[in-house]
Amino acid sequence: MAENIGNYDLAGKSAVPNAGWLLRSKLEAPRILINVVDRTALQGAENNVVLFPLTSIVAPAGFGKSTLLAQWRCNFLKAGHTVAWLSLDEADGEPSQLLSYLIATLSKAGVEVGQMELLAEQGLSETSIQATAESLLEVISGHPAEVVLMLDDMHRVEAGRALNLIRMMVHNAPENLHIIINARQGVALSLAEFIAAGKAQEVEAEQLRFDLEETSQAVGDSSDAASLKALHDRTEGWPVAVQLAKLALAKRPHSDNFSTLISGQTGHLSNYLAEQIISGLEPAQINLLMKTALLERFNAALANAICGITNGAQLIDSLNGLSALLVPIDADGVWFRYHHLFADFLKNLLNYTQPDETKRIHIAAANWFEQEGLIAEAVRHARLAGDVDRSAAIIENAGGWALVLYGGIGFLRNLLKNLTYTELAKYPRLLLAQSYLDIKDGHLANARRCYEDALALADKDFGHIAEFSTPLNRDILNLSMLLQVYEDRLDGADQAGRMQHYRNVLPEGDALAGGLIACTQTLTEIAHGRLAEALITVRHGLRDMRRADSTLGVNYCYLHWGLADFYLGNFQHAEASLWEARELAADNFGADSGLHAMVDVLLGGLEYWRGTVEEHSGLSKVFLAAAKHVEQFDGWFEIYAMSLDVTLTAALDQGQLELARDSVERIEAVYESRNIKRLKYLTLAGRLRIALAENSHDIAERLASQLRELMPLGCWRSDPYLWRPYQSAGLALAEVYSTGKRRDAIAVIDDLLACATTFGAHFFCGLLYLRKARLLDLAGDRKVALAQIQYALDSAVNEGMRRPFLIVPDLLPLLRAAIKYGREEAWSSRALALLSSCVAAYQEARFSRKAADQIGLSKRELDVLEQLAVGGANKEIARALDMTENTVKFHLKNLFKKLGAESRGQAIDLARSRNIIT
């Protein structure tokens, strides 16, 4: 049997049977077991619920608010409405947690929330609360029935962002959404404003009091009128007091009535009546009541554990006469809670009779919940016991930071909320867990601080740790590797040796750590240009992550695999891996997860370079949204590099300088906040390309000088870690030289080609060959230029990489020439088809075929007009279109006639006025 370390064994399997943090019992409405009082006076308010986005029920404890909601719920369900219930507590003041529960309960009620349910299970980490709430409202609006959302005990949610969320939902509620809140006192929901706007109704304490007839219904008609009147007057129609009086009287001699029960009573009526109820119970029953009152929920097994008994089920059954006070909270009647006032009374009684028991009970409850795998509740009870050490131990025993790999980031985040940072700072493994959360939130400085504090607290020097068999040492190893990736510290000369050392010191069969090492090594190899090796390493990582049963780890392996294949120019393989990663992310972590966004950035980049997406400057809306998401939350250098290069290239190609500047500024902000050093080269190159597009020559020269100094020719040979940023920087420098220093531009491109081919980064080769072809053609060496076109086609044809042919400036004449030359040299039909499609795309982008057809322009006449529009003389047009000059004159004559023009300039102006030239 594998040794168990940190509650997951050396094979990496989770030993936590239930890593969920959402308490499903909170989604269950209390069952009505007491005599239901017909609240005729409140019928109007019930009917009006579906007329308002908000119904507020506010009254002190004991006014029957929850019971009323439960009654309404039954009636709404009978009417065919969809009804969702959520019992709130103090932890729901965090907007992400509250919204997670709202999604969960609406899904349980039958609203099709789709991928949002997975996001909720992840605690909505790395997602926009505003955007998710808006999506939820949109889903509700499409639901075929009225949706009633009941929020019980709203007063337990402190004023703040959580209430802002409810306010927003009320303000923007679709017509079929109706929210009912129940609270002991008013909550900051702008109720008066909503009432004035016709968006809300209010039910107050006075409306909830029993009248004499309702008091009679509650206690039964057998009571004499005088006794009943005395009870009603004494309780003032307070529902809980009436119910307590009924139960108390049942414990007294039959000769007693309500008058004798309440005569001479002093002190708080509810406490007095509760005393009367339990006075007739057996000691074992009272003992169970007092001790279980400390729990938000309990069942027979938990009662046994905290009371030290074995007959909890029988004792609970024996209390069925307390149906008004002991409320089943699940459909099976297994879990229970107490009426709040009765629970308060029992807690006070326990504190008075057994003052030392409270801490022991919470610790016993923590132990029971931990054994059941209900870690969130285990930590909560340890915290209520004031035992920070026990709280920390439960989290550590469950796996520490590795809980993310099994229970999700939301699970870990909600566990750590139970401890302040000062408390966390005493436990190195919890500091490392917090470090991981900070990494995923993009707070790398905080992550580094937590990591260093953990090392200091553990009195360890990571570089000198000899083995990783202990949970703490394993966590240090894992977080060290993650920080290296996210901080972009993969450039050390001994990086490969370190990875091998980690493998050597790992316990045999530790699949999880082995998978993490493989993932880090894969990204290290990509960073150093060892792309073929990365493909081998990532396969090892995938096998280890599967053995470790880590879906998240498998997901990242496919992402890394797709990235390596992308750089290698294996677009079809890259697409297959990335789609696998995308489906895994959507199925397991939600469509809006940070992991999903990273995959969408890489897939969007792949689609762009293939030229298959034409919306918004050739970028899909999915790509643009994902790019902003990873910049806000989770990403590393390769993800940001793809985001910037693609967005910037597309924007500049379409002349959208504002989009170009925005893309660079966003990545600059990432660089400044996270200090990812290689991003500096990318942003400098981006600034240079924008300066060239704006004809800001002085700025361009200054930026070019900086780049030349930082990244001279051949820098990648001495420092392979620079190969990827050098590709972006070199292309920008070549563009600077292309106008007046073509020889220098070609020298830069040749060096970039040498870099790309050395490392096997064939993705860059196609674009570089095309840039070189253009420069050679401008220099008059068309034959060699056509050879470069053929080189570019070699990989482009097989992998469908079309975009580079569309974004190199002034490439159209050369593409036309390449089609003619290719036919003569018997190039493949696929190569010729790709070239023809690119020529057609150029025309489609520059001319309106519909407008040209209206005056009968032929394809060749449109070709001549195209060359005319860029200032070509007859000889230049003939060369570009492989015509004789006489043929050009013939087409010009027909073109002038159809446009009604007498000169070349007039022909261009008329073509523009008629929207033929766009």
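User: Hey, which residue lies over the face of F637?
Analyst: That's R678, at 3.9 Å from the ring centre. Keep in mind that this is a predicted model.

User: Where else does a charged end sit over a ring?
Analyst: One case is R297, whose charged end sits over the ring of W335, 3.9 Å from the centre.

User: OK, helix 35 now. How many of its residues are buried?
Analyst: 16 of the 17 residues in helix 35 are buried, so that helix is mostly covered. Helix 35 covers residues 637-653 and reaches 24 Å from first C-alpha to last, close to the 24 Å expected.

User: And what comes just after helix 35?
Analyst: G655, which takes a positive phi of about 70°.

User: Which residue other than glycine has a positive phi?
Analyst: N695 is one, with phi near 60°. N695 is in the loop between helix 37 and helix 38. D810 is another, at about 55°, in the loop between helix 44 and helix 45.

User: Is D810 buried or exposed?
Analyst: Exposed, because its relative accessible area is 58% and the cut-off for exposed is over 50%. N695 counts as exposed too, at 54%.

User: Switching to aromatics: how many pairs are there?
Analyst: The count is 23 aromatic pairs. Take Y608 and W609: their ring centres are 5.2 Å apart and the planes are at 75°, so that pair is edge-to-face. Both residues are buried.

User: What about Y769 and Y791?
Analyst: They make a tilted pair, 5.2 Å centre to centre with 55° between the planes. That pair links distant parts of the chain, with Y769 in helix 42 and Y791 in helix 43.

Key
Residues are numbered from 1 along each chain as its sequence is written. This is a predicted model: local features need pLDDT of at least 70, side-chain atom pairs count only at pLDDT 80 or more; totals for chains, interfaces and linings use all residues. Side-chain values use heavy atoms; hydrogens and water are left out. Helices (H or I, at least four residues) and strands (E, at least two) are DSSP runs, numbered from the N terminus. Buried means under 20% relative accessible area, exposed over 50%, partly exposed in between (1.4 Å probe, protein chains only). The expected span of a helix is 1.5 Å times one less than its number of residues. Rings of Phe, Tyr and Trp (its six-membered ring) pair if their centres lie within 6.5 Å; planes under 30 degrees apart count as stacked, over 60 as edge-to-face and the rest as tilted. A charge sits over a ring if NZ of Lys or CZ of Arg is within 6 Å of the ring centre and within 35 degrees of the ring normal.
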